[in-house]
Structure formats: C-alpha cells, structure tokens
Amino acid sequence: QGKMPDIIVVYMGINDLLKGVPLGENDGTQLVEEGVVDNFSDAYSLILDKLASDYPISQVYCCSLTPVGEWGTDQPFVVFKNHRGFTAADYSERIRIIAENKGVSVIDLDDCGIMIDNLHEMTSDGVHLTPAGMACVKEAVLYGLQGIY
C-alpha cells in the first residue's frame, strides 16, 4: 500500500473477452469472496470492492472497452465474438451496470473514435492499440476526468 492515489482508472476486460471468460450475472450488488473467481462480473466487482477498501479517498473511474475486431484477420475487421458469443460491447455493458451500482463513474471508450471500420489504423491486429488508438483513449480519459485537473 503506502501512497494514496488521487485517481484510479480501471481498464480491464479485453483479455477476459478474448479468452472467453464467462460474463457472469453479478450486477455489483453481490459480495464476492477472495479466492477462485470464475467469471468476469465477479472479478470486476471484487476489484472495485478491493480498490474502495484499500484506497477509500481515491476517486475510481472505470473504462468501457474499445471495440475489438476479429483478432489477427485481414481487413476489413468484423466484430470479434468469443466462443460464448459475447463482444466487447457485452463486457462494456456489464462494466456500466457494476460501476453504477457501486457509484463509480464510467469513461466511455467504446465511443472514443475507435471503430470497427478504422481498426486497421487504430490497432495492429484488431485488439492491440497503435499510437493513434492510444491517442483516442488518452483524449477520452482526459475528457472523462475533466473538472478534476
């Protein structure tokens, strides 16, 4: 522990999407015990609970996911669906629900300028952001934090 950050920005879920981690049903109101967590919703809820406990005076912001294209395919990219049929938008919706129930603000990255139609410029492979993609994320995060700095 040690230092208490003023702001914590949470951006997680892309690897869960890619690996097909079950989405889960937790809406952020169910307590999650430490240990083996087998779905995204419980993991996300647990992370936010731990941050609130460990950093009670820090402002926490969650980020929705950027669009993800079919990983490594030739352009044009199509929306990536994992083997369970879920997309980045599905994980983003769960992030919004959990964050709302925990009173945490969400920075929308699914509308930051990165789109399926421009993934060839914004990512190297439909997933990993290029400098242009990172610039879009940076601007969205700074906009989301507006009024703090």
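What follows is a walk through the fold of one protein chain, from its overall build to a few individual residues.

The model is predicted, so local features are taken at pLDDT of at least 70, side-chain atom pairs count only at pLDDT 80 or more, and totals for chains, interfaces and linings use all residues. Residues are numbered from 1 along each chain as its sequence is written, and side-chain values use heavy atoms, with hydrogens and water left out.

The protein chain contains 5 helices and 3 strands. Both kinds of element are DSSP runs numbered from the N terminus, helices being H or I over at least four residues and strands being E over at least two. Read from the N terminus, the order of elements is β-α-α-β-α-β-α-α. The C-alpha trace spans about 45 × 35 × 25 Å along its principal axes. For 149 residues, a compact globule would have a radius of gyration near 15 Å, and the 16 Å of the protein chain agrees with that. This radius is taken over C-alpha atoms, and the globule rule is 2.2 Å times the number of residues to the power 0.38.

Of the 149 residues, 44% count as buried. Buried stands for under 20% relative accessible area, exposed for over 50%, and partly exposed for what lies in between, with a 1.4 Å probe and protein chains only. The protein chain exposes about 8,400 Å², of which carbon and sulfur atoms supply 52%; accessible areas come from the Shrake-Rupley method with a 1.4 Å probe, and for residues only the protein chains shown count as cover. Among contacts with a separation of 6 or more, 69% join residues 24 or more positions apart, a contact being heavy atoms within 4.5 Å.

The strands come next. The 3 strands form an open sheet in the order E1-E2-E3, with parallel pairing. Strand E1 (7-10) and strand E3 (105-107) are the edge strands, each pairing on one side only. From one strand to the next the twist averages 30°. Two strands pair if DSSP finds at least two bridges between them. E1 and E2 have 4 bridges in the parallel sense, while 3 bridges join strand E2 (residues 59-63) to E3, also in parallel. Cysteine 62 takes part on both sides: valine 10 has cysteine 62 as its bridge partner in E2, and cysteine 62 stands opposite valine 106 in E3. Helix H2 (residues 40-54) packs on the sheet, where H2 touches E1 and E2, and its direction makes about 160° with that of E2. Axes here are lines fitted to C-alpha atoms, for helices over the stretch in contact, and angles run from 0 to 180 degrees between N-to-C directions. Because 4 of its 5 residues are buried, E2 is largely enclosed by the rest of the structure.

Serine 58 is in the loop between H2 and E2. With a relative accessible area of 11%, serine 58 is buried. The C-alpha atoms of serine 58 and proline 5 are 5.9 Å apart, although the two are 53 residues apart along the chain. A polar atom of the serine 58 side chain lies 2.4 Å from the backbone oxygen of proline 5. Leaving out residues up to four places away in sequence, serine 58 touches Met4, Pro5, Asp6 and Ile8.

The loop between E2 and helix H3 (88-102) holds valine 78, and phenylalanine 80 is in the loop between E2 and H3 as well. Valine 78 has its C-alpha atom 8.4 Å from that of aspartate 117, 39 residues away along the chain. Beyond four places in sequence, valine 78 is in contact with Val68, Gly69, Glu70 and Ile116. Phenylalanine 80 is buried at a relative accessible area of 9%. Beyond four places in sequence, the contacts of phenylalanine 80 include Leu17, Leu18, Trp71 and Phe86.

Threonine 123 is placed in the loop between helix H4 (119-122) and helix H5 (131-144). Its relative accessibility of 3% is why threonine 123 counts as buried. The threonine 123 side chain reaches the backbone oxygen of leucine 119 at 2.7 Å and the backbone nitrogen of glycine 126 at 2.7 Å. A polar contact is a pair of N or O atoms within 3.5 Å; within protein, one must be able to donate a hydrogen and the other to accept it, and residues adjacent in sequence count only if both atoms are side-chain atoms. Not counting residues up to four places away in sequence, threonine 123 touches Phe77, His128, Leu129 and Thr130.
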